[in-house]
Amino acid sequence: MIRKFGIILITTLALSVNSYAGSDGELLLKKNDPANVKDCFEGLNRATFAFNQGLDGILFEPIAKAYRVLPSPVRKGFSNSLNNLSNLITIPNNIIQGDLKEAGVNTGRFVINTTVGVLGLFDVADKMGFTEYEKEDYGQSLGTAGVGPGCYLILPVLGPSTVRDTAGSIVNLLGGDPWYNVSVKNNTQYFNEKDYYISRGTAGVDFRAKNLESFDNLEENAMDFYASVKSLYLQDRKLKILNSKGVVDAMDDSDWDEIENN
Amino acid sequence: MLKKLFFLNILFISILLNLNTLNSIEPDIFVQSTVNRASSTLSGNNTKEERIAKLKKIAIDTVDIKGIGFYSLGKHRKGLSQDKINEYSEAFKSYFLNSFSSRLAEYSNPVIEVDSKEVLNENYTIVSSTLVATEKRPAIKIDWRIYTKNTDKPLIRDLIIEGLSLARTQKEEFNSIIQNAEGDVETLIKSLREFSNQ
């Protein structure tokens with residue numbers, strides 16, 4: 001297991017251009033700037049993007065619309081439960097990133113919401129005044145450690161990613177996701193792989209349902225929808241890697257200065 | 001005499017400074033009043049066409065369309081003739097107003113609350129606000145980049161929704177169009193016109 005984990009890390013390091021550990025905030029900002037992420041496989045990416053859009057039109061969007069018919073408290077319950085489950089990936093990543101305090105908070109959140117909150121359906125921790133939950137993943141941990149994003153990728157069904165983030169997702173399947181371990185990898189008497197895939201599918205539908213209007217609006221008003229989605233994905237990843245709650249920290253004002261000076 | 005002149009000068013400067021303060025509009029108040037204008041347009045009994053016309057007027061009054069156009073064009077502006085820049089600016093303005101108004105016209109009575117502001121420098125202030133949650137969607141954090149060089153007339157230069165900059169997204173979209181046309185800005189201008197004529 002450790003060997004597999006090591007191979008993934010080394011592969012990512014090799015594939016990610018300009019990557020080395022120990023970078024400061026400014027370097028992280030520059031390295032993860034969307035403008036600096038190369039679209040090495042643009043032709044293939046655009047084809048996969050078109051495929052995903054087709055799939056979304058015939059499958060995900062109709063399901064998301066049907067999901068929206070469910071009463072708001074039911075959808076909120078599903079959403080809370082899925083968020084709660086994601087703590088199982090967030091907590092080890094808090095530890096990897098050296099944020100032990102947040103790991104402790106998220107462990108407390110997970111325990112309370114799983115027990116008092118009835119398998120996470122109710123976000124009791126939030127009502128108790130816990131800090132706002134921030135998801136973490138292995139791609140973010142690699143980014144925080146100074147690994148560059150590498151090339152931009154569009155994965156079939158799963159959507160936008162980068163070489164680094166894809167490697168991070170593979171870590172989930174190699175033991176990094178305790179939920180995957182207890183459901184798919186080690187079929188226990190309590191959970192099986194169906195539970196895992198249902199939870200992943202529901203997470204996708206929940207996300208799509210929350211963004212139905214935003215996606216439609218973006219698509220209708222974009223001249224190059226592929227480029228818009230790419231920019232939004234990379235901006236979002238940059239924010240998450242910087243763990244920045246304030247917009248100001250993640251902005252680069254030099255672009256705006258450029259128009260003053262010309 | 002010299003002493004009197006000195007005091008007169010100080011008095012004159014103080015009056016000027018105070019006048020400047022009196023005329024200046026605070027960015028957060030500017031955002032709230034802009035939001036209120038848009039909100040009353042969207043919640044009133046207007047037809048879709050009337051809404052779009054009013055929203056376009058609001059955009060012309062409050063958004064630095066020319067500045068956003070230049071920002072979106074980025075490095076490709078360098079080397080363009082003044083005629084070409086004017087041609088682009090005109091096409092961009094038409095595109096922006098159509099895109100802006102059609103995006104907003106679909107919303108009905110959005111409630112936006114201004115939370116705080118952060119002065120970045122003399123040119124920019126970021127105003128933070130929240131689009132209040134509805135039954136269909138959660139609350140959304142919206143930050144406004146306000147251009148404050150002229151304090152009498154602040155202008156919106158960017159909307160940052162949940163940390164994602166719309167101007168930045170547009171800049172990268174335009175860059176992609178130009179790069180795929182092997183650096184030809186004319187292709188972008190053509191696309192802008194086609195979009196506006198839809």
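Reader: How many residues does the contact take from chain B and from chain A?

Author: Keep in mind that this is a predicted model. Both chains give residues to the contact, with 25 of them coming from chain A. Chain B's share is 27 residues.

Reader: And which element of chain B gives the largest share of the side that touches chain A?

Author: Several elements give two or more residues to that side, including helix 4 (65–73), helix 5 (82–105) and helix 7 (185–196) of chain B. By type, the residues there split into nine nonpolar, nine polar and nine charged. The largest share is six residues, and it comes from helix 6 of chain B.

Reader: How do helix 4 and helix 5 of chain B pack, roughly parallel or roughly perpendicular?

Author: Their axes are 9 Å apart, and the angle is about 110 degrees. Angles of 65 to 115 degrees count as roughly perpendicular. So helix 4 of chain B, relative to helix 5 of chain B, is roughly perpendicular.

Reader: How many residues of that contact between helix 4 and helix 5 of chain B are nonpolar?

Author: On the helix 4 side you'll find Ile65(B), Ile68(B) and Leu73(B), among others, and they meet residues of helix 5 including Tyr88(B), Phe92(B) and Phe96(B). Two residues of this contact are polar and two are charged. The nonpolar count is six.

Reader: Zooming out, how many helices and strands are there in chain B?

Author: Along the sequence, the pattern runs α-α-α-α-α-β-β-β-β-β-α-α. That gives chain B seven helices and five strands.

How values were computed
Residues numbered from 1 in each chain as written. Chains lettered and ligands numbered in written order. Predicted model: local features only at pLDDT ≥ 70, side-chain atom pairs only at ≥ 80, totals over all residues. Contact = placed C-beta atoms within 7 Å. Helix = DSSP H or I, 4+ residues; strand = E, 2+ residues; numbered from the N terminus. Nonpolar A, V, L, I, M, F, W, Y, C, P; charged D, E, K, R; others polar. Axes fitted to C-alpha atoms, helices over the stretch in contact; angles between N-to-C directions. Parallel < 35°, antiparallel > 145°, perpendicular 65-115°, else oblique.
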